[in-house]
Amino acid sequence: MDPRHPNHFQHTEREAMEFDVIIVGAGPAGLSAAIRLRQLANEAEHELSVCVIEKGSEVGAHILSGAVMDPCALSELISDWKAQGAPLNTPVTRDEFLFLTESKAIKLPAPPQMHNEGNYIISLGNLCRWLAEQAEAVGVEIFAGFAGAQVLYHEDGSVKGVATGDMGIAKDGSPGHNYEPGVELHARVTLFGEGCRGSLSKEVMESFKLREGADPQTYGIGIKELWEVDAAKHKPGKVIHSLGWPLEHSIYGGAFLYHLENNQVAVGFVVGLDYQNPWLSPFEEMQRFKLHPAIRPLFEGGRRVSYGARALSEGGIQSLPKLAFPGGALIGDSAGFLNVPRIKGSHCAIKSGMLAAEAAFEQFRSQSEGAITPDYTEALKASWLWKELHQARNLRPAFARWGLVGGVAYSALDTYLFRGKAPWTFHHHDDHTQLKSAADCPKIDYPKPDGKITFDRLSSVFLSAANHEESQPAHLRLKDESVPVAHNLKLYQAPEQRYCPAGVYEIVATEQDEPRLQINAQNCVHCKTCDIKDPTQNINWVVPEGGGGPNYPNM
Amino acid sequence: MKILVAVKRVVDANVKVRVNGDNTGVELANVKMAMNPFCEIAVEEAVRLKEKGVASEVVAVTIGPKAAQEQLRTALALGADRAIHIQTEEHVESLVVAKLLATVVEAEQPGLTILGKQAIDTDNNQTGQMLAALTGMAQGTFASEVKVDNDKVAVTREIDGGLQTIELILPAVITTDLRLNEPRYAKLPDIMKAKKKPLDVKWPTDLGVAVQSKLTLLKVESPAERKGGIKVGSVDELVDKLKNEAKVI
Ligand SMILES: Cc1cc2nc3c(=O)[nH]c(=O)nc-3n(C[C@H](O)[C@H](O)[C@H](O)COP(=O)(O)OP(=O)(O)OC[C@H]3O[C@@H](n4cnc5c(N)ncnc54)[C@H](O)[C@@H]3O)c2cc1C
Ligand code: SF4
């Protein structure tokens, strides 16, 4: 292991705390697993301590989603969610599906995956805040502002828990004035619910070779803004998805516009990270999208109130790793549970958390000590979640093979003719190997931001309220310091400057007028794109000090 | 000696606030809240005095909505022994806060009462001074160093252009400045323990103080938007622009 990897001063004793279950990440997956475990324990009058840690300064601070939510899994978890005041306030009333050309918007019939009757437009951040209250009410301990920095192992190789990161480390890695060592959290089961491209999940997948036999995971980056629009243009419950312009047809991606409550509209843009042209900038594609003649009027006279970005897993079941290992399991988007054609993962996250909780609890009942392997694979295969993901499995890779037009055509064929039961399964490739050299690709000219509808990166990150304690070592670690210039700049014109939605990476000149990569780690919004897309996987995203990162409101 | 520390729940310093739709204040829905940074410094100072053996008990108090209990739990996790919550959902201005705190001082008889010099939401910088006046205690504001010596406390104050050291007779009120200390991080085990420490809830009416405003807030507006800079091609152009457009020379 990279000796610097755990963001730790290596020479201090750490306090240890014992729990039955540790859950890393207070997203929908982690919180649902916690609630389900305590529900089962309460029903069976079985003692069971469940602890959730969250790297955001509070629950919801790092949650960014669309989001149109299918409440099916939530209803299984908390059947009276309505009476309990769950923040699902805006039922979807209208679905539109647009194909954009530069000047036109053509309404297409919404494909069945995009029908949203019975679904709600929500803020997933607010839903998590509500889930956290429900969890505390059934006896879960939640600690926000503490990041899981290191996986701990027993001598037999099983997972023993995690250590939280140290606080108050100086730039050179030495303990600063208010240094506070992390703590070791020991448990018989550790569930990793870190969301897409979890940093500890990545390590566990390697330690237990969980990806053997699975397709590589493929990802997208989603960039989102929250707007307050003119009341006259606001149609609560309206959902719009679009394909086409401004993306070239070889790129998988598109936009969403969701009209929430209080005159708010969530606008998001998703770009598949298997794109090949290093000149592409997902951030600028998103800005440009808002200028489309059919889209722009919605934002005129409005104001942007928040901004953020997050990667999402697009691999579907082909890319699911083995889910459990001695001492723990992966849940939610850490494992890759997301239905791509529906761009919905929150219900999958809740369901997978519940299934893992049920598997773990059964073992707690039968096995009184030692690490537990909460293997929920069989239960998953018997569930609606498997059926849903299995049906959707060929749609995303069809776009990778045949581009937009072929992808849409194939989707129609697969959906209407085979109903997801086509006798073949398409496969995925690694996103980071896809870039072509900059010299072989057309440069893309993006319009300059106007400061009203389109913006630059810095004024955008400002709205994510991102902050990191200044004095700590950068949490974006380069394995080899020479690669950014010698390889990435030379071949791809430093694509990290364009794919990072927060302006973290910047090529600047040294005093000798040599190019150098500057890392503005304080701006990082924890989207994980660099960890995914860096061509030689030279960038390693590790957790910064707990509480650092964006402070999203209702994203 | 007992120390009373007052803490306030405010919008987190990292959040970029925006004016709400009807210009009556800043938007608070879905916004991250935290303990006022100057209050954190006050808690830290009190806890350090306890660790040094100068103080025997640290009591944290807040006046605010139900959710302000989160900030009291933070104070307890940082080392306060018990907490008092004077609960009100109303907006409370400095004088009301000072009057409420005076009733707590009356009941608790602390040797030192430490507050932040101001809260970063309203920036009033009044409560500590008003509390000193109401209780007749000595006051040391903008403290960057505090040294307790038997029944006296020496307070170094940050004043314009330098430092001033004054000596107060206890009991006294101190308000903290930025450089007094660097607050610690709450430890996870201490956050767990803090959940079990005593927290008393009281209402302003129990304390005989009316929560009423003497000030009327007329309007809250965002500052005028800054115009973006431009690049000029030459010195002549610069001079021309400064003369004829900006009219500063
Ligand atoms: C732009 C976009 C639009 C989307 N739209 C929709 C939609 O409309 N409908 C829908 O259903 N789904 C949507 N999704 C997908 C959905 O958001 C995810 O599937 C879902 O959030 C996954 O939940 P999770 O709990 O697995 O992970 P997350 O929601 O990512 O939560 C993980 C949590 O763990 C924390 N964490 C991570 N690592 C650590 C660590 N080491 N230590 C401590 N804490 C840690 C994170 O801070 C975070 O709070 C969208 C996603 C994106 C990006
Ligand atoms: S540095 Fe990496 S994780 Fe952070 S915002 Fe940029 S791309 Fe995302």
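**Figure 1. The shell around ligand 2 consists of 11 nonpolar residues, one polar residue and one charged residue.** In this classification, Ala, Val, Leu, Ile, Met, Phe, Trp, Tyr, Cys and Pro count as nonpolar, Asp, Glu, Lys and Arg as charged, and the others, Gly among them, as polar. The model is predicted, so that local features require pLDDT of at least 70 and side-chain atom pairs count only at pLDDT 80 or more, whereas totals for chains, interfaces and linings use all residues; side-chain values use heavy atoms, with hydrogens and water left out. Residues are numbered from 1 along each chain as its sequence is written, while chains are lettered from A and ligands numbered from 1 in the order in which they are written. Of the 13 residues around ligand 2, those that come nearest are A:Cys500, A:Cys524, A:Cys527, A:Lys528 and A:Cys530; a residue is near a molecule if one of its heavy atoms lies within 4 Å of it. Ligand 2 takes up the space of the second largest cavity. A cavity is a set of points, on a 1 Å grid over the protein atoms alone, where a 1.4 Å probe fits but cannot get out, and a molecule sits in a cavity if more than half of its atoms lie within 2 Å of its grid points.

**Figure 2. Chain B contains six helices and 11 strands.** Helices (H or I, at least four residues) and strands (E, at least two) are DSSP runs, numbered from the N terminus. The C-alpha trace of chain B spans about 70 × 40 × 40 Å along its principal axes. Of the 249 residues in chain B, 43% are buried; the term means under 20% relative accessible area, exposed means over 50%, and partly exposed lies in between (1.4 Å probe, protein chains only). Among contacts in chain B with a separation of 6 or more, 70% involve residues 24 or more positions apart, where contact means heavy atoms within 4.5 Å. Chain B exposes about 13,300 Å², and carbon and sulfur atoms supply 51% of this area. Accessible areas come from the Shrake-Rupley method with a 1.4 Å probe; for residues, only the protein chains shown count as cover.

**Figure 3. B:Lys32 is placed in the loop between strand 2 (9-11) and strand 3 (33-35) of chain B.** B:Lys32 counts as buried because its relative accessible area is 10%. Apart from neighbours within four places in sequence, B:Lys32 is in contact with A:Ser57, A:Glu58 and A:Asn551 in chain A, and with B:Val10, B:Val11, B:Asp12 and B:Val15 in chain B.

**Figure 4. A:Val183 occupies the loop between strand 13 (175-180) and strand 14 (184-186) of chain A.** With a relative accessible area of 5%, A:Val183 is buried. When neighbours within four places in sequence are left aside, A:Val183 is in contact with A:Glu15, A:Val162, A:Ala163 and A:Thr164, and also with B:Leu188 and B:Pro189. A:Val162 is 21 residues from A:Val183 along the chain, and their C-alpha atoms are separated by 8.5 Å.

**Figure 5. A:Gln434 is in the loop between helix 10 (395-418) and helix 11 (457-463) of chain A.** The relative accessibility of A:Gln434 is 16%, and therefore the residue counts as buried. Residues up to four places away in sequence aside, A:Gln434 touches A:Asp274, A:Tyr275, A:Gln276, A:His429 and A:Lys533.

**Figure 6. B:Gly128 belongs to helix 4 (residues 127-135) of chain B.** B:Gly128 is buried, at a relative accessible area of 3%. The contacts of B:Gly128, leaving aside neighbours within four places in sequence, are with B:Leu115, B:Val173 and B:Thr175. B:Pro37 lies 91 residues away along the chain, and its C-alpha atom is separated from that of B:Gly128 by 15 Å.

**Figure 7. Backbone geometry at selected loop residues.** Most residues other than glycine have a negative phi, and most peptide bonds are trans. The peptide bond from A:Gly66 to A:Ala67 is cis, with omega near -5°; A:Ala67 is in the loop between strand 3 (50-54) and strand 4 (68-69) of chain A. In chain B, B:Leu170 and B:Pro171 are joined by a cis peptide bond with omega about -5°, and B:Pro171 is in the loop between strand 9 (162-169) and strand 10 (172-176). A:Gln537, a residue other than glycine, has a positive phi near 55° and lies in the loop between helix 14 (529-533) and strand 26 (539-541) of chain A. B:Asn150, likewise not a glycine, has a positive phi of about 50°. B:Asn150 is found in the loop between strand 7 (138-149) and strand 8 (152-159) of chain B and counts as exposed at 71% relative accessibility.

Conventions:
On a 1 Å grid over the protein atoms alone, a cavity is a set of points where a 1.4 Å probe fits but cannot get out, and a pocket is an open set with protein on both sides within 12 Å along at least five of seven lines; lining residues have an atom within 4 Å of a point.
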